[in-house]
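Colleague: I have not looked at this one before. Could you walk me through it while I have it on the screen?

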2 protein chains.
Amino acid sequence: MPAVDARAAAGVADEALVVFTPSGRRGRFPTGTTLLDAARSLGVDIDSVCGGRALCGRCQVQPAVGEFAKHGVTSRAENLTPFSEMEQRYAAESSIADGRRLSCSTQILGDLVIDVPSESQVHRQVVRKRAEVHDIELDAALRVYYVEVQEPDMHDPAGDLRRLKEALEFEWRLEDLACDFQVLHGLQTALRDGDWQVTVAVHEDREIVALWPGFHDRVFGLAVDVGSTTIAAHLCDLSSGEVVASAGVMNPQIRFGEDLMSRVSYVMMNPGGEVELTAVVRDALQDLAAEVAAEAGIAVEDILDVCVVGNPIMHHLLLGMNPVELGGAPFALATDEATRVRAADIGLRLHPGARVYVLPCIAGHVGADAAGVILSEAPYLRDEMNLVVDVGTNAEIVLGNRERMLACSSPTGPAFEGAQISCGQRAAPGAVERVRIDPQTLEPRFKVIGCDLWSDEAGFRDETRSTGITGVCGSGIIEALAEMYLAGVIDTDGAVDGSLAARSARIVPDGRTFSYVLHDGDVRLCITQNDVRAIQLAKAALYAGVRLLMDRMRVDRVDRVRLAGAFGSHIDVKYAMVLGMVPDCELAHVTSAGNAAGTGARITLLDRKARGEIEDVVRRIEKIETAVEPRFQEHFVEAMAIPHKSAEFPNLASAVKLPEPKTAANTTTPGDRPRRRRRSR
Amino acid sequence: MPAVDARAAAGVADEALVVFTPSGRRGRFPTGTTLLDAARSLGVDIDSVCGGRALCGRCQVQPAVGEFAKHGVTSRAENLTPFSEMEQRYAAESSIADGRRLSCSTQILGDLVIDVPSESQVHRQVVRKRAEVHDIELDAALRVYYVEVQEPDMHDPAGDLRRLKEALEFEWRLEDLACDFQVLHGLQTALRDGDWQVTVAVHEDREIVALWPGFHDRVFGLAVDVGSTTIAAHLCDLSSGEVVASAGVMNPQIRFGEDLMSRVSYVMMNPGGEVELTAVVRDALQDLAAEVAAEAGIAVEDILDVCVVGNPIMHHLLLGMNPVELGGAPFALATDEATRVRAADIGLRLHPGARVYVLPCIAGHVGADAAGVILSEAPYLRDEMNLVVDVGTNAEIVLGNRERMLACSSPTGPAFEGAQISCGQRAAPGAVERVRIDPQTLEPRFKVIGCDLWSDEAGFRDETRSTGITGVCGSGIIEALAEMYLAGVIDTDGAVDGSLAARSARIVPDGRTFSYVLHDGDVRLCITQNDVRAIQLAKAALYAGVRLLMDRMRVDRVDRVRLAGAFGSHIDVKYAMVLGMVPDCELAHVTSAGNAAGTGARITLLDRKARGEIEDVVRRIEKIETAVEPRFQEHFVEAMAIPHKSAEFPNLASAVKLPEPKTAANTTTPGDRPRRRRRSR
């Protein structure tokens with residue numbers, strides 16, 4: 001405890017003034033007080049797992065030397081006890097950076113200024129790669145605590161568990177803990193093997209889920225995004241918050257159906273088939289866990305917590321629930337609540353006490369993946385109006401701010417992923433991903449995945465020899481269509497202009513319509529009239545969903561657009577707007593959110609408060625069912641035009657030279673006006 | 001809601017006065033109100049599982065007809081709506097007793113007196129066979145609730161689970177329920193199969209553990225006493241509280257060791273052997289569950305709750321915990337707390353949602369069986385000083401009242417169960433269980449299990465021909481020794497008086513000592529000097545334990561003695577006192593408690609409040625470890641004499657003519673005085 005200043009004023013020599021930075025907290029302490037005790041008595045946030053026994057190394061601090069006029073302190077090296085035997089032992093095993101000390105093993109001898117580095121704080125920030133509205137505060141749902149347990153005594157028949165709980169309450173103020181049944185089985189052995197010193201893993205401050213003899217701080221968690229195509233996992237060190245390994249695998253359910261609905265159909269036509277679908281996705285997750293564990297050099301048994309996002313059908317199948325109700329109206333979820341289960345309950349063989357947290361679903365078409373995106377993007381913490389779009393077979397659309405949040409799902413179909421496109425393919429080496437078309441010559445140039453060169457640059461042919469040029473992926477299709485529109489190859493209605501065949505060999509007849517030849521090599525890549533129609537249908541569905549939410553919100557513009565998911569990460573937002581996939585917005589404010597769903601899973605892994613937060617937010621979101629909204633169809637029809645029949649795109653028009661409509665003034669719809677206005681620029 | 005009396009005074013014709021008996025609660029109700037609604041608005045306790053839908057039949061009442069001056073009401077048959085179609089349907093399926101009505105389907109038309117029979121009350125008493133300090137109040141930890149769930153709606157994407165919880169909260173005020181993960185798997189099917197009407201099983205008002213389409217009230221619980229020799233189970237109907245079937249089997253662990261310590265030794269010498277011991281006891285429990293289920297004509301899947309008592313080693317082995325720590329000082333339990341697990345977690349295949357509650361242990365030698373005895377006997381609710389003794393290989397001894405409770409275990413060894421006795425055997429047909437010895441002739445007469453006749457009665461030989469006379473069981477040994485003492489065959493030190501061989505052929509030499517020949521047939525049954533010593537050691541240990549608790553409690557007499565367990569059920573308490581097994585007490589207040597441990601398990605099954613009650617009581621009990629109490633040895637030595645070296649037995653002496661000590665006045669111990677006093681009567 002800090003001594004009262006009166007004693008210091010009275011000139012008591014055995015007290016010293018200590019200032020902790022960056023907090024600036026200060027107090028007088030009797031000499032001999034450890035830095036850790038001093039910090040704690042001032043409420044300075046210093047981590048410790050081992051309870052001050054020089055085992056965990058979390059409480060490292062950096063003494064400053066010199067005169068600090070600002071603090072009124074002269075901090076001298078000799079004002080601390082010398083590097084102790086315990087510190088030497090710790091340093092020999094794990095290393096301590098130069099100048100740093102273990103605060104638990106260092107005593108105050110005189111006035112000091114002590115810096116607490118951010119990595120020594122309990123609630124330290126986990127820095128995310130891009131600037132975000134809120135960084136992750138490390139406060140994992142699974143925490144370890146080192147304790148010394150009272151030995152049993154014939155005079156006090158309290159069981160080992162009770163004495164363990166008493167130690168946890170005494171040392172760590174953990175009260176009323178439950179204990180996982182399987183922990184009981186190894187309890188007596190661990191206590192005796194550890195000579196009554198054990199490390200305990202506590203889940204959500206509520207339940208003891210694991211126990212090791214002695215000191216143990218290798219605890220890891222897995223953040224998982226179960227997509228219909230890909231399952232991705234990030235292994236996180238729950239002590240540091242760092243991602244130590246990542247991996248992804250194809251969802252093996254693909255063999256039962258490429259898209260979600262065909263998997264639901266499989267179950268409908270093969271009663272009991274959900275058991276197979278569940279088994280393969282769980283196996284894949286187990287393999288993925290093994291893969292990331294191996295990559296990080298840990299055992300799968302070191303994984304104690306798993307957080308999962310996924311769309312409603314993946315959510316149901318992973319949890320072993322039949323998804324058929326999600327295959328038809330009213331699309332009833334078995335549960336929309338967050339689900340907490342033991343990993344073993346869903347067939348995962350990790351640590352026997354490992355827990356799984358599955359984020360809540362929002363509605364029958366808006367799943368835990370959307371909840372992950374919302375948690376990661378946190379529109380509910382912002383003042384401006386945010387549009388967050390996660391494009392897949394369905395587009396999940398969220399619109400809102402701290403006042404109000406709306407969400408819906410729109411049936412875009414798989415065209416954006418390259419399916420239903422004649423030359424479409426998944427994003428893989430050899431796929432065209434960038435396209436430019438010269439408006440004069442109509443000649444294209446493009447880039448393929450796996451090669452940094454454009455197709456008209458020297459060396460392109462050599463560098464693409466191994467992969468070939470095999471197809472066009474989702475982002476390539478978007479760019480091809482947008483460039484075709486900007487070059488006048490297609491008009492606002494999406495029709496390929498056959499008259500251009502006279503000017504360019506790129507325009508070729510295809511039955512009663514025309515195609516654009518993007519590439520003619522081993523494989524001939526054409527954008528057909530049908531391809532254009534497929535993208536028009538998809539983008540119209542997306543835009544109509546967005547528009548429905550804007551109507552409900554009574555706004556006609558958004559301040560910020562975030563494109564989440566793999567698709568959102570790869571498309572050039574400008575082209576997305578040229579096609580009218582999203583409403584007009586300042587281009588600088590239209591950005592990719594990366595794998596925001598997976599980030600959401602990682603946040604719930606590292607910050608337990610985020611679990612309650614997203615559960616509350618999801619309850620507050622107003623869900624709109626596009627299928628029963630009469631205006632959806634209306635918006636859909638209007639959105640078929642490129643970029644749109646009536647909506648204005650002033651921000652886009654100021655950034656990109658849009659073509660003049662070929663058929664002008666032949667309409668009296670209100671939509672006519674903005675088009676003319678665009679033309680006038 | 002009851003209408004205000006002012007309206008009645010104003011002569012409004014459409015209200016009636018209804019009096020419910022036996023509570024006497026009364027109120028005025030608009031005509032057309034159902035009896036159930038009326039009762040509930042007055043707080044009258046009427047049960048209903050189906051929520052007033054004429055499905056469960058729990059809400060039956062008995063309308064009274066006539067003038068009731070006491071209540072100021074004339075109750076007429078026509079003041080109720082006629083027997084309804086719903087009642088007829090229920091009566092056809094399940095029967096309604098003459099004159100009874102379903103209160104949910106019967107409306108008030110005029111003034112009435114309505115009797116609520118006890119079986120229609122929610123918190124009805126389960127009558128126990130003997131008078132007890134408290135009957136069991138039926139309030140099972142596992143209860144079923146029938147609800148109608150809102151159908152899903154495209155405009156409200158709440159999952160099925162959320163709508164189910166809302167229904168449970170709306171109809172039954174059950175809030176913040178958790179849901180067992182396995183229930184989620186069948187949730188959607190059950191709701192649809194039941195046309196949105198389902199019955200839900202809720203465990204401890206906290207968690208949904210089972211679900212059935214439509215109305216379902218077949219829910220059963222199992223009360224289990226896992227003894228080292230026998231495992232006994234009672235199947236209870238959780239709706240009525242009745243025991244519908246009972247069965248017992250030998251504990252198959254016997255093949256690993258007859259007594260507890262030899263089983264612990266087996267584990268010590270065969271590492272991993274605890275897995276085998278656990279497996280066989282769990283298998284036996286599963287078989288027992290199947291047996292009682294078959295006897296009652298139900299499926300094991302109808303069993304949803306299990307309550308278990310057992311000594312610490314059985315407790316640990318059933319739960320899958322290694323018992324070796326219990327084999328030596330300091331006898332540390334893995335846990336002394338009550339344990340709640342899923343039945344599946346201990347390998348029981350009952351209903352998938354079935355739960356197991358294991359009562360708390362008191363100390364390393366005083367187990368959950370003792371907790372069951374304490375709950376059943378409830379000394380902690382009494383004013384007088386109670387001694388409760390459960391005799392087995394160890395005797396569990398509890399002394400106390402509402403002020404203070406003490407407990408210990410005393411190492412009596414297996415002599416009381418017939419082991420270590422030359423002619424000893426388990427209580428089974430053919431075993432001698434009652435013995436009388438003529439003090440003049442020293443000739444015995446006896447009874448054997450399986451025959452109601454005494455051995456000197458006509459027909460005894462014929463009736464025992466099938467079983468034979470094979471040995472002497474525990475109660476037979478007690479009676480034989482006590483009668484030998486009363487007849488002067490053994491003296492207060494337990495020595496067989498060889499000089500009597502001159503008088504009776506029953507006294508025969510046996511090496512350097514003498515034996516008493518109880519029976520000489522196909523098998524010769526002798527009580528040897530060693531047999532006497534074995535019983536003396538056992539009873540001295542028991543008495544010393546009791547005395548230790550009395551010292552600690554600072555009392556020198558007890559008001560009431562209860563003998564629990566199979567042994568306690570069969571011995572004649574008078575003979576137990578003649579041998580000095582228990583301290584002197586008025587004989588009318590020394591009684592058998594039957595299988596009190598099993599009754600304790602049954603109480604926790606039927607009355608959920610009892611769980612918290614026994615957990616609190618066990619925490620408050622002061623545990624005495626006999627092994628470290630220096631006075632134990634002292635008491636033990638004194639208690640070797642029959643009945644005792646120094647203790648007084650005034651109540652016994654007034655009921656039984658005790659023999660005069662053969663060696664009088666050769667002692668100056670304080671114990672001399674009481675013996676003389678007894679003689680003077």
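This is a predicted model: local features need pLDDT of at least 70, side-chain atom pairs count only at pLDDT 80 or more; totals for chains, interfaces and linings use all residues.

Colleague: Okay, chains first: how many residues of chain A and of chain B take part in the contact?

Modeller: The contact takes 46 residues from chain A and 46 residues from chain B, and the area buried between the two chains is about 3,800 Å², with carbon and sulfur atoms giving 58% of that area. On the side of chain A, the residues that lose the most area to chain B are A:M154, A:R162 and A:F181, which together make up 20% of what that side buries.

Colleague: And what about salt bridges across the interface of chain A and chain B, how many does the rule find?

Modeller: The rule finds 8 salt bridges across the interface of chain A and chain B, and one pair that meets in this way is A:D345 with B:R342, at 3.3 Å from N to O. Across the interface there are also 22 residue pairs in polar contact, counting pairs with both residues at pLDDT 80 or more.

Colleague: Which elements of chain A give two or more residues to the side that touches chain B?

Modeller: Those elements are α4 (160–172), α5 (181–193) and β18 of chain A, and the largest share, 6 residues, comes from α5(A). Sorted by class, the side of chain A that touches chain B has 22 nonpolar, 10 polar and 14 charged residues.

Colleague: Changing topic, what is the order of the strands in the open sheet of 6 strands in chain A?

Modeller: The order is β16-β15-β14-β17-β19-β18, with mixed pairing, and the edge strands are β16 (243–250) and β18 (339–342) of chain A, each of which pairs on one side only. From one strand to the next the twist averages 20 degrees.

Colleague: In which sense do β14 and β17 of chain A pair, parallel or antiparallel?

Modeller: Strand β14 (residues 220–226) and strand β17 (residues 303–310) of chain A pair in the parallel sense over 7 bridges, and you can find A:D225 standing opposite A:V309 in β17(A).

Colleague: What is the strand order in the open sheet of 3 strands in chain A?

Modeller: That sheet has the order β24-β23-β25, again in chain A and with mixed pairing. Because β24 and β25 (471–472) of chain A stand at the edges with a single partner strand each, one side of each is left without a neighbour in the sheet. Strands β23(A) and β25(A) run parallel and are joined by 2 bridges, with A:V432 having A:V472 in β25(A) as its bridge partner. Helix α11(A) lies across β23 and β25 of chain A and runs at about 15 degrees to β23(A).

Colleague: Which residue forms a salt bridge with A:E443?

Modeller: A:E443 forms a salt bridge with A:R506, and their closest N and O atoms are 3.0 Å apart. A:E443 lies in the loop between β23 (431–437) and β24 (444–448) of chain A, and A:R506 in the loop between α11 (474–486) and β26 (507–510) of chain A, so the pair ties together parts that are 63 residues apart in sequence.

Colleague: Last one, on the backbone: is the peptide bond that joins B:T21 and B:P22 cis or trans?

Modeller: The bond joining B:T21 and B:P22 is cis, with omega about 5 degrees, and B:P22 has its place in the loop between β1 (15–21) and β2 (25–30) of chain B. The peptide bond from B:I642 to B:P643 is also cis, with omega near -10 degrees.

Notes. Residues are numbered from 1 along each chain as its sequence is written. Chains are lettered from A and ligands numbered from 1 in the order in which they are written. Side-chain values use heavy atoms; hydrogens and water are left out. Two strands pair if DSSP finds at least two bridges between them. Helices (H or I, at least four residues) and strands (E, at least two) are DSSP runs, numbered from the N terminus. Axes are lines fitted to C-alpha atoms, for helices over the stretch in contact, and angles run from 0 to 180 degrees between N-to-C directions. Contact means heavy atoms within 4.5 Å. Buried area is the accessible area (1.4 Å probe) that two parts lose on being put together, summed over both. A salt bridge is a side-chain nitrogen of Lys or Arg within 4 Å of a carboxyl oxygen of Asp or Glu. A polar contact is a pair of N or O atoms within 3.5 Å; within protein, one must be able to donate a hydrogen and the other to accept it, and residues adjacent in sequence count only if both atoms are side-chain atoms. Ala, Val, Leu, Ile, Met, Phe, Trp, Tyr, Cys and Pro count as nonpolar, Asp, Glu, Lys and Arg as charged, and the others, Gly among them, as polar.
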